[in-house]
Amino acid sequence: MRKTIILAAAAASCGLMPGVALADAREEVVTGLTRCANLTEDRQWLDCYYAAAQPMRAQLGLSPAPQAQLKLLYAQPKAQPLPSSVARAAVNSGPPPMPKSAGMLAMWGGDDVVQNTPVKSFENKPAGFVITLPDGQVWQQTPEDKARRPADWRMPASAMRVTVTQGAMGTFNLKMNDENTFHKVKRVR
């Protein structure tokens, strides 16, 4: 217990001193996870894993990991440094991944892919409209839908909200605001 208090006080004082750069919490977590790799028993590995997340828990203001988990983590030998080929994942580097097909159930349609989301920009092109969402997703009207239901929206993009649902047979339906009709679209980006 005394070691824990001393360790916590030392960590807190380092955080208060100007010019002391603390390592990135994500990197500390990954480094801690490598210490857990030697554990073969699932429960011990999971406890070690939870303890390794302590730097991120502290950064987010969450409750600390239990002492038993922290002891298990620090009892493990330090792992070798991560190879330079292991790069940190980019945060908010673009739109979310493309939606996956629902398989056999796609025949009848599926869940919302985008739900009541604001529109960043809107363009009406000869091949159909193109809508860009704040997270980078780009949806384009299919040419067949353009021929049947050309969009004639005159409101600014800031007043538009869209919902995109999985349609039948792997298609996607876009509904603008509270309209009763939908447009067939495909995800471009």
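**Ground rules.** I number residues from 1 along each chain as its sequence is written, and my side-chain values use heavy atoms, with hydrogens and water left out. Since I am reading a predicted model, local features need pLDDT of at least 70 and side-chain atom pairs count only at pLDDT 80 or more, while totals for chains, interfaces and linings use all residues.

**Entry 1: the disulfide.** I searched the whole structure and found one disulfide (a pair of cysteine sulfur atoms within 2.5 Å). Such a link is a covalent bond between the sulfur atoms of two cysteines. Here cysteine 36 is joined to cysteine 48, with an S to S distance of 2.0 Å. Cysteine 36 sits in helix H2 (residues 25–36) and cysteine 48 in helix H3, twelve residues apart. (Helices, H or I, are DSSP runs of at least four residues, and strands, E, of at least two, numbered from the N terminus.) The torsion about the S-S bond of cysteine 36 and cysteine 48 is about -85 degrees, so I noted the disulfide as left-handed. Are the two cysteines buried or exposed? Both cysteine 36 and cysteine 48 are buried (under 20% relative accessible area; exposed is over 50% and partly exposed in between, with a 1.4 Å probe and protein chains only).

**Entry 2: H3 against H5.** I stayed with H3 (residues 42–52) and looked at how it packs on helix H5 (residues 67–75): the angle is about 95 degrees and the axes are 8 Å apart. (Axes are lines fitted to C-alpha atoms, for helices over the stretch in contact, and angles run from 0 to 180 degrees between N-to-C directions.) That makes H3 roughly perpendicular to H5 (65 to 115 degrees; under 35 is roughly parallel, over 145 roughly antiparallel, the rest oblique). Which residues of H3 meet H5? Gln44, Asp47, Cys48, Tyr50, Ala51 and Ala52 do, and their partners in H5 are Gln69, Leu70, Leu72 and Leu73 (contact means heavy atoms within 4.5 Å).

Entry 3: Next I traced an open sheet of seven strands, in the order E1-E5-E6-E7-E4-E3-E2, with antiparallel pairing (two strands pair if DSSP finds at least two bridges between them). Strands E1 (112–118) and E2 (121–125) are the edges, each pairing on one side only. From one strand to the next the twist averages 25 degrees.

I then followed the pairs one by one. E2 and E3 run antiparallel and are joined by five bridges, with serine 121 partnered by threonine 132 in E3. A hairpin of two residues connects E2 to E3. Between E3 and E4, also antiparallel, I counted three bridges, and isoleucine 131 stands opposite tryptophan 139 in E4. The hairpin of E3 and E4 has five residues between the strands, and there glycine 136 takes a positive phi near 100 degrees. E4 (residues 138–141) pairs with E7 (residues 183–187) over three bridges; glutamine 140 has lysine 186 in E7 as its bridge partner. Five of the five residues of E3 are buried, so E3 is largely enclosed by the rest of the structure.

**Entry 4: alanine 127.** Last, I checked alanine 127, in the loop between E2 and E3 (128–132). Its relative accessibility is 37%, so I call alanine 127 partly exposed. Leaving aside neighbours within four places in sequence, alanine 127 is in contact with Gln140, Gln141, Thr142, Pro143 and Lys146. The C-alpha atoms of alanine 127 and lysine 146 are separated by 7.0 Å, with the two residues 19 apart along the chain.
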